[in-house]
Amino acid sequence: MPDFKVSSTCPALPVKDFLRRQAGLSLTLWRKIKNSGSIVINTRPAAINDLVYPGDIITVSWPNNSSITPENLPLTILYEDEWLLVVEKSAGMLVHPTSGQPSGTLGNAVLHYYSTHNYLYGFHPVNRLDRNTSGLVLIAKRPDIQHVLNQNLQHITKQYLAITAAVPKPPQGVINVPIGRKPGSIIEREVRPDGQQAITRYSVLATFSNACLLDITLETGRTHQIRVHLSYIGCPLLGDDLYGGSITLLSRQALHAAKLILPHPITKQQLTLVSPLPADLNNLITNLASNL
């Protein structure tokens, strides 16, 4: 049950207005509190129309029903506090269960970890990775924290390491072309004038005979953005046969979410989380370097 303190500069206002405007709770979460939860002001039960004043402490609770089944799966945790969890996802694992695959996902693993520690948290990922992309996933332990982070995505830096089938020219640059769904496909995306704005920054870190290692920073977060943009400039990811990459040396796209930099949603201190390249991508680089 999170607590919210009314600041000394906040005027008296209904508790709903404080929670929505000042504390940043989403409308969806407010409805859960209103319909099935509880509100306590200074240890006394309160109604949704009660006023709050500077210095008041508001405690709210809501039902935390989850359709995700806890499952004992390997889970690598890089950071944890009472608000956030940052984990490494391996290639081949879905972030969230689907109707076609309700188990074996990161969500199942996280819910099992919570259950073994008697944590009453849900699964609230802030960033999502494709099944065959490895690396860092930022998870909020509460929906209000997820809402705050989603409202401030422009302050979260997401850096990736990618291995492409060609060397881009120039060796560093910005790809700024819109991306939309490819007609006739529910999965594939493409560059199209009526798509959503998508901006990808890249820089070459190392070159090989017919490949290179790129450092990539996303300014937007469209589905398959890196994969589509790199294919568009003639440098598809190795292992990404959906967008023109060869699978001769690797059977999954050579893409790793390597770094997250963000201001902590509560403490405001800067967090920097780094995930090293997994073994399969390190082996790929070794193979490419040996063929120089």
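**Close-up views of a predicted model**

**View 1. The loop between β3 and β4, with Asn-42.** Asn-42 is found in the loop between β3 and β4, in a model that is predicted. The phi angle of Asn-42 is near 55 degrees, which is a positive value in a residue other than glycine. Most residues other than glycine have a negative phi, and most peptide bonds are trans. With a relative accessible area of 28%, Asn-42 is partly exposed, because a residue counts as buried under 20% and as exposed over 50%.

**View 2. The open sheet of β1, β6, β3 and β4.** Four strands, in the order β1-β6-β3-β4, form an open sheet in which the pairing is antiparallel. The edge strands of this sheet are β1 (3-5) and β4 (44-45), each of which pairs on one side only. Strand β3 (residues 38-41) and strand β6 (residues 57-61) run antiparallel and are joined by four bridges, and Val-40 has Thr-59 in β6 as its bridge partner. Strands of a sheet pair through backbone hydrogen bonds, either parallel or antiparallel.

View 3. Strand β8 (residues 84-89) is mostly covered, since five of its six residues are buried. Strand β7 (residues 76-80) pairs with β8 in the antiparallel sense over four bridges, and a hairpin of three residues joins β7 to β8. Within this pairing, Glu-80 has Leu-85 in β8 as its bridge partner. Strand β8 is also joined by six bridges to strand β10 (residues 134-140), and β8 and β10 run antiparallel; here Val-86 stands opposite Leu-138 in β10.

View 4. The model holds five aromatic pairs. Tyr-113 and Tyr-119 form an aromatic pair that is edge-to-face, at 6.2 Å centre to centre and with 70 degrees between the planes; the pair is classed in this way because planes over 60 degrees apart count as edge-to-face. One aromatic cluster is formed by Tyr-113, Tyr-114, Tyr-119 and Tyr-121. Tyr-113 counts as buried, at 16% relative accessibility, whereas Tyr-119 is partly exposed, with a relative accessible area of 28%. Lys-141 lies over the face of Tyr-119, at 5.1 Å from the ring centre.

**View 5. The cis peptide bond between Lys-169 and Pro-170.** A cis peptide bond, with omega about 0 degrees, joins Lys-169 and Pro-170. Pro-170 has its place in the loop between β11 (157-164) and β12 (172-176).

View 6. Ile-186, Ile-187 and Leu-242 make a nonpolar surface patch of about 310 Å². Of these residues, Ile-187 lies in the loop that runs between β13 (179-181) and β14 (189-191).

**View 7. His-224 in the loop between β16 and α5.** His-224 is found in the loop between β16 (212-218) and α5 (225-232). Although His-224 is not a glycine, its phi is positive, at about 60 degrees. His-224 is buried, with a relative accessible area of 10%, whereas Asn-42, which also has a positive phi, is partly exposed.

Technical notes
Residues are numbered from 1 along each chain as its sequence is written. This is a predicted model: local features need pLDDT of at least 70, side-chain atom pairs count only at pLDDT 80 or more; totals for chains, interfaces and linings use all residues. Side-chain values use heavy atoms; hydrogens and water are left out. Rings of Phe, Tyr and Trp (its six-membered ring) pair if their centres lie within 6.5 Å; planes under 30 degrees apart count as stacked, over 60 as edge-to-face and the rest as tilted. Buried means under 20% relative accessible area, exposed over 50%, partly exposed in between (1.4 Å probe, protein chains only). A charge sits over a ring if NZ of Lys or CZ of Arg is within 6 Å of the ring centre and within 35 degrees of the ring normal. Patches are made of residues with over 30% relative accessible area and no salt bridge: like charges are joined within 9 Å, nonpolar side chains (Val, Leu, Ile, Met, Phe, Trp, Tyr) within 5 Å. Accessible areas come from the Shrake-Rupley method with a 1.4 Å probe; for residues, only the protein chains shown count as cover. A salt bridge is a side-chain nitrogen of Lys or Arg within 4 Å of a carboxyl oxygen of Asp or Glu. Helices (H or I, at least four residues) and strands (E, at least two) are DSSP runs, numbered from the N terminus. Two strands pair if DSSP finds at least two bridges between them.
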